[in-house]
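Have a look at the model first, then read on.

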Amino acid sequence: MTTTATSIRLHVGLLLLGMLLIATARADSDTPLSGTVTLQSPYPFDALASRVEQAIQKHQMGLVAQASASRGAAQRGVKIPGNLVLMVFRNDYAVRMLKASVAAGIEAPLRLYVTENSDGTSNLTYRLPSAVFAPYGNADLDALAKELDAVFEAIGSDAIRPSSGAE
């Protein structure tokens with residue numbers, strides 16, 4: 001295995017461990033953070049995941065990375081409901097974000113979270129970029145976040161939109 005592949009596996013593993021620790025820390029409260037949007041979809045998990053990836057591309061955002069505890073568990077022979085975190089950003093937004101606030105760089109890439117429901121449908125959850133960047137109290141960052149709110153709302157809308165049959 002190459003050093004790059006090992007490094008990527010290590011980073012993904014650390015990301016999943018961090019997600020687990022965060023989930024455990026909030027285990028007593030399943031109330032989402034302020035600015036969290038959850039869109040219910042009629043699509044099965046894999047179909048919604050694919051539709052989200054297509055919407056990311058359609059809206060000219062970059063899929064920077066992804067992590068899935070369910071895929072990792074499946075590799076170990078363990079079945080858990082599907083979940084997938086898609087990390088999304090774009091370089092021109094990154095440059096503007098960092099010009100406004102270097103500290104805010106820790107928030108990028110922004111995340112979209114696809115989860116499988118027990119009835120065979122799935123959900124798309126994300127935090128509005130304006131909620132993610134609000135604590136920084138920076139007018140330029142707030143303006144950028146509002147632009148990104150519209151992009152994320154469009155991605156979500158496209159991903160869950162009923163299929164026209166022509167797709």
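**Overall picture**

Of the contacts (heavy atoms within 4.5 Å) between residues at least 6 apart in sequence, 69% join residues at least 24 apart. Keep in mind that this is a predicted model, where local features need pLDDT of at least 70, side-chain atom pairs count only at pLDDT 80 or more, and totals for chains, interfaces and linings use all residues. Numbering starts from 1 along each chain as its sequence is written, and side-chain values use heavy atoms, with hydrogens and water left out.

**Fold and surface**

- The protein has six helices and five strands (DSSP runs: H or I of at least four residues for helices, E of at least two for strands, numbered from the N terminus).
- Along the sequence they run α-β-α-β-α-β-α-β-β-α-α.
- Of the 167 residues, 34% are buried (under 20% relative accessible area, with exposed meaning over 50% and partly exposed in between; 1.4 Å probe, protein chains only).

**Helix H4**

- Tyr-93, Ala-94, Met-97 and Ala-100 are the buried residues listed for H4, which spans residues 91–100.
- They sit on the same side of H4 because they cover an arc of only 130° around the axis (taken from the directions from the helix axis to the C-beta atoms).
- Over on the other side of H4, Asn-91, Val-95 and Lys-99 are exposed.
- Packing partners for the buried residues of H4 are strand S3 (83–89), helix H5 (129–133) and helix H6 (139–160).

**Asp-158**

- Asp-158 belongs to helix H6 and is buried, at 14% relative accessible area.
- Leaving out residues up to four places away in sequence, Asp-158 touches Arg-51, Ala-55, Lys-58 and His-59.
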